[in-house]
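These are my notebook entries on a single protein model. I looked up its helices and strands, its pockets and a few individual residues.

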Amino acid sequence: MASGNRLGELLVREKLISLQQLRQAQDEQRKSGSNLGYTLAKLGYISDGEITNFLSAQYRVPAVNLDEYELDPNVLKLVSKEVCDKHKCIPLSRSGNALIVAMGDPTNLHAIDDIKFLTGFNVEPVVASETAITGAIERGYNLGANAYDDIIKEFGDEEVDFGVDDDDFNASELEKAAEDAPVVRLVNALLLNAIKKGASDIHVEPYERKLRIRYRIDGVLLDEMEPPLKWKAAIASRLKIMASLDIAERRLPQDGRIKLKLGGGKEMDFRVSVLPTIWGEKIVMRLLDKSNLQLDMTKLGFDVGPLTDFKWAIGQPWGMVLVTGPTGSGKTTTLYSALSELNQTDVNISTAEDPVEYNLPGINQVQMHDEIGLNFAASLRSFLRQDPDIIMVGEIRDFETAEIAVKAALTGHLVLSTLHTNDAPSTISRLLNMGVEPFLITASVNLVLAQRLARKVCLDCRAPFRPEPEQMRDFGFSEQQAQVQQLLRGAGCKNCNGSGYKGRVALYEVMKFTESLKEMVLQGASTAELKTAAIKSGMKTLRAAGIEKIIAGTTTMEEVGRVTMGD
């Protein structure tokens with residue numbers, strides 16, 4: 001706690017304890033050698049929580065309840081148990097180049113300098129009671145990897161030992177191992193824990209000397225557990241049985257689906273992809289939660305101006321609307337939200353998708369099968385014979401698909417599709433490079449939208465801080481924006497798994513294809529010239545949209561810097 005005498009004086013001055021109680025505690029402290037705060041709590045004069053809240057208010061440092069906090073093993077590795085014991089502190093989370101550390105005494109500069117020197121991170125203290133810190137140190141450093149220990153203990157050394165080379169084992173042995181009770185429980189726990197933590201993907205990865213399992217949470221991969229390597233075949237076989245795949249085939253990639261029925265009638269789909277690697281089968285599962293599909297455009301992260309432009313574009317009777325961004329940037333969700341808004345009884349909507357992620361009632365969705373010739377181009381040709389009003393193409397990958405999509409947009413259909421480009425203006429260059437004529441692009445494209453997903457600051461542990469104005473200006477803030485008094489970031493808590501982030505928000509760059517931009521394309525303008533002109537006509541870049549979300553306290557500079565490039 002804040003140095004004994006100083007803390008005692010402050011508590012007496014604030015009338016939280018009497019002078020007599022302080023002297024009795026000091027006498028007891030000299031006998032036991034404990035710190036003053038612990039002694040006061042032990043004697044019942046003041047609770048741990050009251051001391052923590054008092055220090056938090058006194059030094060304007062956030063307080064955390066470590067009993068409800070889920071410690072991150074990767075963050076704990078940054079500071080040794082010895083250092084934590086010595087300074088009565090524990091690291092909680094990382095935020096950019098800052099390390100959030102729970103301390104009993106937030107004014108202990110010696111401890112802060114020590115941790116800064118050892119880790120290379122700037123230390124940002126938060127307050128916790130010394131009793132809670134001691135308990136957290138024992139819990140974090142002595143418990144080992146994770147919550148799967150009880151299941152793993154059920155495996156005997158002689159059970160399911162496939163060694164490094166499991167090619168000699170036949171299907172019946174693999175199936176027997178996969179049905180072993182602990183294997184079943186471990187895999188079930190993996191799937192359920194992923195749902196509980198809000199993961200979007202599960203990665204099961206075999207390497208030469210270890211088997212690693214990771215979850216992707218809010219777009220970032222995090223280590224979940226490392227089961228012993230000898231169980232890799234049993235775990236892989238169990239997942240393949242659940243996905244109705246061939247467990248005897250371990251040399252070719254396979255794709256399947258697992259359906260999980262949860263309480264309350266909720267269903268969860270896992271899209272399973274199995275890939276043979278040199279050390280075994282890598283399995284990636286994408287979680288598709290229909291109940292979490294957000295189709296309300298106003299809740300996706302659109303600002304008023306860009307949303308008005310987007311709604312105008314999808315409300316046109318014909319033309320093309322393109323959504324661009326890397327894999328996992330939320331393009332499908334944006335398209336689905338547009339389709340759900342357009343889905344009326346008087347229109348015929350057809351989609352070509354690879355894969356179909358969510359079923360949308362009232363919309364004709366077609367799954368691609370390249371192996372039998374059912375690709376985007378073939379589907380588009382068929383759609384045009386099906387009297388469509390609105391067509392959605394999962395992705396424009398080649399000239400053939402682009403050419404048919406453009407022709408469909410020119411012949412009275414509204415076409416929605418995606419491309420993989422870095423920003424909205426470079427989408428036009430991509431279509432030109434595919435071989436689409438400039439006059440066809442200018443005649444067909446209504447609007448291009450680029451997007452990214454940034455993690456949102458956790459509402460439960462967010463705290464204000466003030467970055468350097470120079471750092472903000474370098475990031476892209478205007479002179480006026482850089483004067484903003486404070487921003488928000490998460491300290492890390494149980495609710496956000498110590499990351500300081502919970503959930504994601506979309507950043508949008510919406511380029512309405514105006515007559516002046518069309519004229520520039522016909523004259524052969526470069527991507528940079530198009531971008532400059534679009535910004536002049538009111539387009540907000542991804543970085544500018546991110547900065548607005550930072551100022552609003554929705555996300556952080558580190559997060560926007562991770563998903564966008566400087567303008």
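Which residues of α12 are buried? I list Lys232, Ala233, Ala234, Ile235, Ala236, Ser237, Arg238, Leu239 and Lys240. Buried here means under 20% relative accessible area, exposed means over 50%, and partly exposed lies in between, with a 1.4 Å probe and protein chains only.

**Basis of the entries**

I am working from a predicted model, in which local features need pLDDT of at least 70 and side-chain atom pairs count only at pLDDT 80 or more, while totals for chains, interfaces and linings use all residues. Residues are numbered from 1 along each chain as its sequence is written, and side-chain values use heavy atoms, with hydrogens and water left out.

**Overall chain**

I counted 23 helices and 18 strands in the protein chain. Helices (H or I, at least four residues) and strands (E, at least two) are DSSP runs, numbered from the N terminus. Along the principal axes, the C-alpha atoms fill a box of roughly 90 × 70 × 40 Å. Of the 567 residues in the chain, 49% are buried. I also looked up contacts (heavy atoms within 4.5 Å). Among those between residues at least 6 apart in sequence, 64% join residues at least 24 apart.

**Helix α12**

I returned to α12, which spans residues 232-242. Nine of its eleven residues are buried, so the helix is largely enclosed by the rest of the structure. Ser244 follows α12 and has a positive phi, near 60°.

**Strands β1 and β2**

Strand β1 covers residues 89-95; six of its seven residues are buried, so the rest of the structure largely encloses this strand. I found β1 paired with β2 in the antiparallel sense over six bridges; two strands pair if DSSP finds at least two bridges between them. Ile90 has Ala102 of β2 as its bridge partner. The two strands form a hairpin with two residues between them, and Gly96 in the turn has a positive phi of about 65°.

**Second largest pocket**

I noted a volume of about 450 Å³ for the second largest pocket. On a 1 Å grid over the protein atoms alone, a pocket is an open set of points with protein on both sides within 12 Å along at least five of seven lines, whereas a cavity is a set where a 1.4 Å probe fits but cannot get out; lining residues have an atom within 4 Å of a point. Grid points are joined across faces, edges and corners, and a volume is the space filled by probe spheres set on the points.

This pocket has 22 lining residues, of which Ala98, Glu124, Phe465, Arg466 and Arg489 are closest to its centre. Elements that each supply at least two lining residues are β2 (98-103), β3 (122-127), β16 (462-465), β17 (487-490) and α23 (557-563). Strand β3 gives the most, with four residues. By class, I recorded twelve nonpolar, four polar and six charged residues in this lining. Ala, Val, Leu, Ile, Met, Phe, Trp, Tyr, Cys and Pro count as nonpolar, Asp, Glu, Lys and Arg as charged, and the others, Gly among them, as polar.

**The cavity**

My search of the whole structure gave one cavity of 30 Å³ or more. The largest cavity holds about 50 Å³ of space. Its lining is Gly301, Phe302, Asp303, Pro306, Leu507, Tyr508, Ala545 and Lys549. Both β18 (501-512) and α22 (542-551) supply at least two of the lining residues.

**Thr418**

I placed Thr418 in strand β14 (residues 414-419). Thr418 counts as buried because its relative accessibility is 6%. A polar atom of the Thr418 side chain lies 2.6 Å from the backbone oxygen of Gly394. Leaving aside neighbours within four places in sequence, Thr418 is in contact with Val323, Lys331, Leu335, Val393, Gly394, Glu395 and Ile396.

**Backbone geometry in loops**

Arg60 has a phi near 55°, a positive value in a residue other than glycine. It lies in the loop between α4 (48-59) and α5 (73-76), and at 75% relative accessibility Arg60 counts as exposed. Asp218 likewise has a positive phi, near 50°. I located Asp218 in the loop between β5 (211-217) and β6 (220-225); at 15% relative accessibility, Asp218 counts as buried. Finally, I noted that the peptide bond from Asp354 to Pro355 is cis, with omega near 0°. Pro355 lies in the loop between β11 (349-353) and β12 (364-367).

Conventions:
Polar contact = N/O pair within 3.5 Å; in protein donor to acceptor, adjacent residues only side chain to side chain.
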